[in-house]
Amino acid sequence: MPTDLHTPPRAAEPARATRAGSSRRRARKLPNPLSVLVLALFLVFFVLPVLWLLLAATKTDDQLVHGNPLSFGSWSALGDNWTALTSFGDHAIFLWLGNSALYSFIALAITLCVAIPAGYALAMTEFRGRRTLLVATLVVMLMPNATLVVPLFLEINAVHLIGSMWSIILPYSFYPFGVYLTYIYFSTALPRDLIDAAKLDGCSQFGVFRHIALPLAAPVVALVGFFSFVANWTNYFLPYVLLPASDQFPVQVGLGTLLNAVPQFNPTVGTAAVQRPELALATLLAITPVLIVFLFSQRFLVTGMLAGATKE
């Protein structure tokens, strides 16, 4: 019987398929150049400055200027910088940190007591002007904080609160982003059937909020609380304008005072000079509370960010 001499053996086809599959797997294992570039840029612009700041606090001023920027100084230099920083202005750094904690936590408590019920009311009730109120909340949320400083100054001056801690706490407590974030959560992630069942059982609107909505909203409460705390702690311009005395400054404004006491930045400084490693150490102290709050609340933050991503 005649046979086709040009037909290749069938055993070669699986071998070619295997080689092609291996080539595809090797291609998939190669890193994406764009991802590598993004990670490299992230390293240069975010990780290296933080690493430099950590190492700068362990050096003398001469080592900081002339030494390797990413080298470790010494523990003794770190101790000397700590002693010099804490002695500046009769332990002013601790006073500023205490002021920041006082302003931020009182404002945070007021924000949570106002923003969470406000977001729930906007999400669960229909009333005239609701859409206008939502649009106004969005507009204020998108405005830069610096644009509100002058109107806030005029309002607070009209009620004679300039120079008091309430001139900082009350504006800090106004947090439209928290209201809108809570509104999004309750609109998308809270089961309406559960609310209707509670109302059929005779639960009031406040009872539904207290016993059902609020326990389920723990992730978004943590999310609003974290963002509010960070915004309050890092605010510089508002307390700089509203607080006249240095013993009332939060730590962010206190860092500006330390910066003005560095001879390299302000040649007119007197005997109370601050060296640059001490300024780096003060900056680390200023960002440590935010880092601690983030580490303790990151589980709730991830849950809160994903809340409302899907709608039942």
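Trainee: Of the contacts in the chain with a separation of 6 or more, what share comes from residues 24 or more positions apart?

Mentor: Those residues account for 71% of them. Keep in mind that this is a predicted model.

Trainee: How many helices and how many strands are there in the chain?

Mentor: The chain has 15 helices and zero strands.

Trainee: And what percentage of the residues is buried?

Mentor: Buried residues make up 32% of the chain, which has 312 residues.

Trainee: Let's pick one residue. Where does Asn-99 lie?

Mentor: Asn-99 is part of helix α5, which covers residues 92-124.

Trainee: Why does Asn-99 count as buried?

Mentor: Its relative accessibility is 10%, and buried means under 20%, so Asn-99 counts as buried.

Trainee: Which residues does Asn-99 touch, leaving out those up to four places away in sequence?

Mentor: Asn-99 touches Asp-247, Gln-248, Phe-249 and Pro-250. With Asp-247 there is also a specific atom to look at: the side chain of Asn-99 reaches the backbone oxygen of Asp-247 at 2.9 Å.

Trainee: Switching to α9. What are its residues, and how far does it reach?

Mentor: Helix α9 runs over residues 176-188, 13 residues in total. From its first C-alpha to its last it reaches 19 Å, close to the 18 Å expected at 1.5 Å a residue.

Trainee: Which residues in α9 are buried?

Mentor: Pro-176, Gly-178, Val-179, Thr-182, Tyr-183, Tyr-185 and Phe-186.

Trainee: What covers the buried residues of α9?

Mentor: The cover includes α5, α6 (130-142), α11 (205-216) and α12 (218-233).

Trainee: You mentioned α11. At roughly what angle does α11 cross α10?

Mentor: The axes of α10 (residues 192-200) and α11 cross at roughly 145 degrees and come within 10 Å. The crossing is right-handed.

Trainee: Which residues make that contact?

Mentor: On α10, Leu-194, Ile-195, Ala-198 and Lys-199; on α11, Gln-205, Val-208, Ile-212 and Leu-216.

Trainee: How do they divide into nonpolar, polar and charged?

Mentor: Six are nonpolar, one is polar and one is charged.

Trainee: Last one, Ser-76. Which helix is it in?

Mentor: Ser-76 is in α4, which spans residues 75-87.

Trainee: What does the side chain of Ser-76 make a polar contact with?

Mentor: With the side chain of Ser-74, at 3.2 Å.

Trainee: And how far apart are the C-alpha atoms of Ser-76 and Lys-59?

Mentor: They are separated by 8.8 Å, while the two residues sit 17 residues apart along the chain.

Terms used: Residues numbered from 1 in each chain as written. Predicted model: local features only at pLDDT ≥ 70, side-chain atom pairs only at ≥ 80, totals over all residues. Heavy atoms only, no water. Helix = DSSP H or I, 4+ residues; strand = E, 2+ residues; numbered from the N terminus. Buried < 20%, exposed > 50% of the residue type's maximum accessible area, 1.4 Å probe, protein only. Polar contact = N/O pair within 3.5 Å; in protein donor to acceptor, adjacent residues only side chain to side chain. Contact = heavy atoms within 4.5 Å. Expected span 1.5 Å × (residues − 1). Axes fitted to C-alpha atoms, helices over the stretch in contact; angles between N-to-C directions. Left-handed = near helix turned anticlockwise from the far one by under 90°. Nonpolar A, V, L, I, M, F, W, Y, C, P; charged D, E, K, R; others polar.
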